[in-house]
Amino acid sequence: MHRTSSSAGTESAPRPEPPRRKLYFVRHGETDWNAERRLQGQRDVPLNALGRKQAARCGDLLGDLLAVSGATPQQFAFTSSPLSRARETMEILRTGLGVAPEDYITDARLAELSFGRWEGLTYKEVRALDRSVLATRERDKWNFQPPGGESYAQLLVRVRAWHDSVSGDAVVTAHGGVARVLLVLYAVKPPAEAPLGDVAQGVVYEFAPGSVNRYG
């Protein structure tokens, strides 16, 4: 099982104390809109065939991680975004772990970042509509709010509220935007850096205070 890790660098300004619990995070598998590089946001787009294979792989990876650590699925709270691509990922993953696929909860606070009126468009199409708006976004991705949508800063507020309601270790299936704000919540990256880079599908991320490991 391949593993890569990231950890927080030295910051001059103090950060909030990161959470003390463990979190296994899985981004939903691929959808056709992912393949077409369309902004999904909160549109309910289902997994495609590759996405289902990626979800099954995550079940295998997580099973190996739990076995190595001596943990069982029953020790974790399993929670999914309410969007169908995340729920199906969770159900396939749980099937791979040998536990009841439907025995998890959903929480609306884990839904993807809303892209508002941009949902369904590619960035190329957005650029054709208003190049200056994308230029504004590039200057401050963390605080930028798409027309009718929300910013990463706003997303962090609801994800933090969800996280504060969880008392123990958890397994989550959600979205790329949720992973990016978790990087800030767990003090892995500062807000300016968190929106940069990709969040992979078909892998398992292990968040711990000040660090994240990627498996797969």
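Q: Which helix gives the largest share of the lining of the largest pocket?
A: That is α7, with 3 residues. Keep in mind that this is a predicted model.

Q: Which helices supply at least two residues each?
A: α1 (32–35), α4 (123–129), α5 (131–139) and α7 (176–185).

Q: And how many residues line the pocket in total?
A: The lining has 28 residues. R27, R37, Y123, R180 and D198 lie nearest the centre of the pocket.

Q: How do the lining residues divide into nonpolar, polar and charged?
A: There are 7 nonpolar, 9 polar and 12 charged residues.

Q: How much space lies in there?
A: About 750 Å³.

Q: Which residues are on each side of β2?
A: L23, F25 and R27 are on one side, with Y24 and V26 on the other. Both faces are covered. In general, side chains in a regular strand alternate between the two faces of the sheet.

Q: Which way does β2 run against β5, parallel or antiparallel?
A: Parallel, with 5 bridges joining β2 to β5 (residues 170–174). Y24 has V171 as its bridge partner there.

Q: What about β6, parallel or antiparallel to β2?
A: Antiparallel: 3 bridges join β2 to β6 (residues 204–208).

Q: Which residue in β6 does Y24 stand opposite?
A: E206.

Methods. Residues numbered from 1 in each chain as written. Predicted model: local features only at pLDDT ≥ 70, side-chain atom pairs only at ≥ 80, totals over all residues. Heavy atoms only, no water. Buried < 20%, exposed > 50% of the residue type's maximum accessible area, 1.4 Å probe, protein only. Helix = DSSP H or I, 4+ residues; strand = E, 2+ residues; numbered from the N terminus. Pairing = 2+ DSSP bridges. 1 Å grid on protein atoms, 1.4 Å probe; cavity = no way out; pocket = protein on both sides within 12 Å on 5 of 7 lines; lining within 4 Å. Points joined across faces, edges and corners; volume = space filled by probe spheres on them. Nonpolar A, V, L, I, M, F, W, Y, C, P; charged D, E, K, R; others polar.
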